[in-house]
Structures are given as C-alpha cells and as structure tokens.
Amino acid sequence: MLAGLLGQTALLRDFDGRSFDFLSTVAPAIPDEPGVTLVVIDEPSMDVIGLQWPWPRSVHAELAENLRAAGAKAVAFDVLFAEPTDADEDAALVAAMGQDVVLAADESLIDRPYGSMLVRTEPMPELLAGGAKAGVASLSLGSDGVLRTMPRYPDSFMARLLEVTRGEKVAVAETQQLIQYFGPAGSYPTVSYYQALDAQGYLPPGYFEDQVVLVGFALQANADVSAGGVDAFETAYTLRTGQLSPGVEVQATIYDNLRTGLPISPIEHWATLLLIVLSGALAMAISRPTSPARKTALLIVALMGFAAGSWLALRYGRIWIAPLAPAVALTLGVVAIAIRDFAAEQRRRREVQQAFGQYLAPEMVQKIADNPALLNLGGESRELTILFSDIRGFTAISETMQDDPQALTRMINAVLTPLSNIILKHGGTIDKYMGDCVMAFWNAPLDDPDHALHAVKAAQEMQAAMNGINRNIQALAPQGVAIPAIRIGIGINTGTCVVGNMGSDRRFDYSVLGDAVNLASRLEGQCKDHAVDMLVGQATVAAVPSLDFRKLADIQVKGRSEVEPTYTL
C-alpha cells in the first residue's frame, strides 16, 4: 500500500521518468534510415545570410522553391508565420506554398487570475489558402522538464507531415504514448539553412532527392528573438550526454515514431498496482531463507530482474513497465519482513534467556540464545546425570527460627545460592527447588559428553563449600540464637530420561522424567541411613572410571524389584 501511494507522488514519477530515459536509450530500436533531413537555422546561417531575425519571408519562399526543385518530397517549417509583415514578402511566401508544405501552428495554455485560456495560433490564412497544411507543433514537458510524451493532437505537426508524405490520414493513439529517441542531439542528417538555399554550391548532387525536409532552429542562443527562448529540450539522451536536443530534431524523432510505429505505451495503472502486489508476494518468498547474505543476494537479483524485464518489454513489446514502484514494494517488503524477523528473533532470545537464566549458567544461556536449534522444547529422550541435594538438620533450624520467617528465608537462600552457583559453574541445569532440596541435571539442554564427571565434581565442591556456608548462616542468625551446623546429602544417578517442557499449556517447566530420576532421589534419601554425604548409582560410577569409588551396599529402592549397588567417593 505504501509503495502504491508513493507511486502517485511527483518524486517517484520523476524517478520513473529517469528510469525510462536510461532504459529506453539502451540498445534502442532504430529505423533502417532516418525519415527526415533537417535544414537548421543556425549561427553559420545567421552569419552568411547577414540579416536579423525574423528574416524576410521571401528567404523562406526561396528555400521552399529550391527544395522543391531539388526533388524534396515535402517541406515542413517549424517556424510560426502567424502575423502579416511586409505585403510583398508575405506574397512571395504565399506563392511558394503548395500541397507539399506543412506549417507549424501553436497551442498554449495561458493562466490568468480569473481563469485559464487555451489559445491556438494558426499560420496566416493566405498561406493555408495557397495549399499548405497546418499542424500543432506544441510539445508537453514532464514535471521534471524532460520531453518524453508524444503529441496527442489529431492534427499535430508531424502527423500532418506524415499525411502529406503518405497521402492518408494518420491515426493518433487514444492513450498517452512515450517517444522512442534514436540518439542524442545530432543523430539526424543536418545541413545549414544557407547551404540548402544554394544546394548546388554546397551539397552533393541529388542530396534532397525524394527527401522529407524539416526546417527549424538549432541555435545556441535565442532561437526566436520574439519568443525569447531557446528551441531546445531535455530528452531521454540528456541523462547520458547532458546535451539539449533542438526542437526541430525532436519533431523529426516524433515523425519517425509515427512512421515506424515505435512509440512506447505505458501499462495501465491497475496493472502497475497488480505488479506492486506481486512484488509484495515476491518479497515474502525472498525472505524465506534465514541467511541475511542470501536474502540480500536474492533481493539484488530480483531488482536486476525488474530492470531487465522492463527493458525487454520496452525494447521488444513497445510497452513501458515502470520498475520503480514494484522495486520499492519489493525492497520495503523484504526490509519490513527482515525487521519483523529481527524483532521476533530478539523476542525469542529474550524468552530463552528469561526461561533458562534461572536454570543455567549465563554462558550456556548465551549459547542457546545464539543457536536455538540446540534446544528441543518439545521433549526428547537423552542420557542424563541427575543430582539431588538435601540439607541435613534444616528441620531443627526451622523450629529454632519459626518466629522469624524472614530470617529463615534469608538463611535458606544463603545455603542454596552458593550450592546453585557451583552446579551452574560445572554446567548443570537447575530443575527445581523443593524447600531445602535442589534438583539438577547434566547433558541437557546442551550436550555434555562428560556429564557424569561434571555432576560428581560439582557434588565434591558442594560438600567442600559447607564449612564456609555454615559460617555465613551463623552470621545471619538472630542475636542470641544458636544455629546448629548443617550438612548436605547428595544422590547422583545416570540414565535415560525424557527432558523438555512439561506442565500445562499455561504454566510449564523445563524438567526431566524417568526411572533414573527416581533412583537419584532415593539415593539422596539413603545417605543418612549409610552415614555418608554422597551416594552414587552404578551407571554413574561406570561413566566416571577416572575417579575412585567404593561400594557401600546393595539397597532395595521402594518401587523397584531389583537391588541397586551404591557407591561413594
């Protein structure tokens, strides 16, 4: 929608015009031969003829008669003979008129405070009575000052000239067409006015034989002193050369457009809107790859394809498909989707960090955020090592501090915080806190080939930290309250479990399920019975051959029919 609205602005239309200028001048279609020979009123002619403009009309009469005598098929004057001058001079020009002469008329819009008037200026009636035909030579510039559009007058100057040369009426297109330029200024065969006055003296024999001759201005300064302007225009080739083309050469180009059927028709507005919609769909397709480099490459290829398609339609179909609005739609679409994807990625990253920041070490959270593919949130079966740790003697502490729950909370946090930090330090994932008990596991969500070793090392460090923890909680105890020393029991087991998000569709945790989890919990509960701080399952011992374990006993775990060998360091 934004691209469609931008397409209606003058700025984008001007850019479309510049893109037409560029593409229409790349290997343009060119007629086999020029249809017009130019006779130009230029500085050398002013110097040789030696008269101030406007020249006596007998000079133009002489030119018309000389060209007719030289075999010219038709002569068109891109000069306005609207007002009478000297009677003899006017009579000479009237006498030179004939069916083979076309004269320029003018049509201009005059704005006044009370309204606008369309004023048409015709050649003198006597000239038309002499057999000459008149055609409107007025041209319409684009909003950027470049002449691109074909005249739409039914009796345009070059349409009249083509009627004279062909002997039949020329149909004018109902829709606005664009001019196909065939080259920069100087592309048509051109002779100076003074040379055409004396063709035998200056030009090869038969130079004008069977030629259509167009007479007009090609001056560097004022082309028409009375008009006060230079009869030259910016054309499609001005973008490349920086030069203006004389109005007479533009008229010759229009003549050849009509003669050869080469004008270019812009597509309908609805077709442009359809292309914009299709460009939006293409933007979605281009945005499917996850690699920014690939997206950029596809976008560049698509934009180049737009330009190439526009040129092919122009060159071989004579249809102008302005590529800028679809290109803007495509680019805006890709950029918008990229921004949306970036925002979604950042949101997913924050969700991952929030979800796992309380379970994992920061560096592990960063790895998952950088590569979410490492995480299977749907649940999967993996071999894990599970650790349960419970505080011994916490019941006595709770009874001692039952009248100060805030102090009790601070104390339990002072125990669990350092123990949790040790677990995270060794790459463990904290599953949950259950009162004074903490549950953790290794080898999920990130792979850890040495998960059993890391779990046992974490347990060793947790036990070693208990002396410092006891000193800290003594400092937190209320004045006059003696806090008994606490110990921890740790159960560790290795086995295959299901790990993933578990719970309801409204609330869930990243957790583990499986028989190995139950056994780890039972091992932690058996620590007190065997008077040790750590019990390890047989699968964990087998996975850590580098450590020295001693077997304690075979125990019967509730809910299991088989006995389980237990070990400690």
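R318 sits in the loop between α13 (292–317) and β11 (319–320). Helices (H or I, at least four residues) and strands (E, at least two) are DSSP runs, numbered from the N terminus. The phi angle of R318 is near 55 degrees, a positive value in a residue other than glycine. R318 counts as buried because its relative accessibility is 14%. Buried means under 20% relative accessible area, exposed over 50%, and partly exposed in between (1.4 Å probe, protein chains only). The model is predicted: local features need pLDDT of at least 70, side-chain atom pairs count only at pLDDT 80 or more, and totals for chains, interfaces and linings use all residues. Residues are numbered from 1 along each chain as its sequence is written, and side-chain values use heavy atoms, with hydrogens and water left out.

D210 also has a positive phi, near 60 degrees, and is a residue other than glycine. The loop that holds D210 runs between α9 (199–202) and β7 (212–217). Most residues other than glycine have a negative phi, and most peptide bonds are trans. A cis peptide bond joins W53 and P54, with omega about 5 degrees. P54 is placed in the loop between α3 (43–49) and α4 (57–69). The bond from A444 to P445 is likewise cis, with omega near 0 degrees. P445 belongs to the loop between β14 (437–442) and α18 (451–464).

Salt bridges number 24. The criterion is a side-chain nitrogen of Lys or Arg within 4 Å of a carboxyl oxygen of Asp or Glu. R57 pairs with D90 in this way, the closest N and O atoms being 2.9 Å apart. The pair links distant parts of the chain: R57 lies in helix α4 and D90 in helix α5 (residues 87–95), 33 residues apart. Both R57 and D90 are buried. R148 and D144 form another salt bridge, at 2.7 Å from N to O. R148 and D144 are buried as well.

A further salt bridge joins R348 to E345, with 2.9 Å between the closest N and O atoms. R348 and E345 are separated by about one helical turn, because they are 3 residues apart in helix α14 (residues 324–356). R348 has a relative accessible area of 40% and is therefore partly exposed. E345, at 22% relative accessibility, also counts as partly exposed. Elsewhere, salt bridges that share partners join R18, D21, D144, R148 and E234 into one network.

Empty space was examined next. Rolling a probe the size of a water molecule over the atoms shows where empty space is left. On a 1 Å grid over the protein atoms alone, a cavity is a set of points where a 1.4 Å probe fits but cannot get out, and a pocket is an open set with protein on both sides within 12 Å along at least five of seven lines; lining residues have an atom within 4 Å of a point. Grid points are joined across faces, edges and corners, and a volume is the space filled by probe spheres set on the points.

The whole structure contains 1 cavity of 30 Å³ or more. The largest cavity holds about 50 Å³ of space. Its lining consists of Y181, F182, G183, P184, A185, Y188, S245, E249, V250 and T253. Helix α11 (residues 247–260) gives the most to this lining, with 3 residues. By class, the lining of the largest cavity has 6 nonpolar, 3 polar and 1 charged residues. Ala, Val, Leu, Ile, Met, Phe, Trp, Tyr, Cys and Pro count as nonpolar, Asp, Glu, Lys and Arg as charged, and the others, Gly among them, as polar.

The second largest pocket has a volume of about 670 Å³. Its lining is made of 28 residues, of which R13, D16, P266, W320 and A322 lie nearest the centre. Both α2 (10–24) and α12 (269–286) supply at least two lining residues. The largest share, 5 residues, comes from α2. The lining of the second largest pocket divides into 11 nonpolar, 11 polar and 6 charged residues.

L6 is part of helix α1 (residues 2–6). With 33% relative accessibility, L6 counts as partly exposed.
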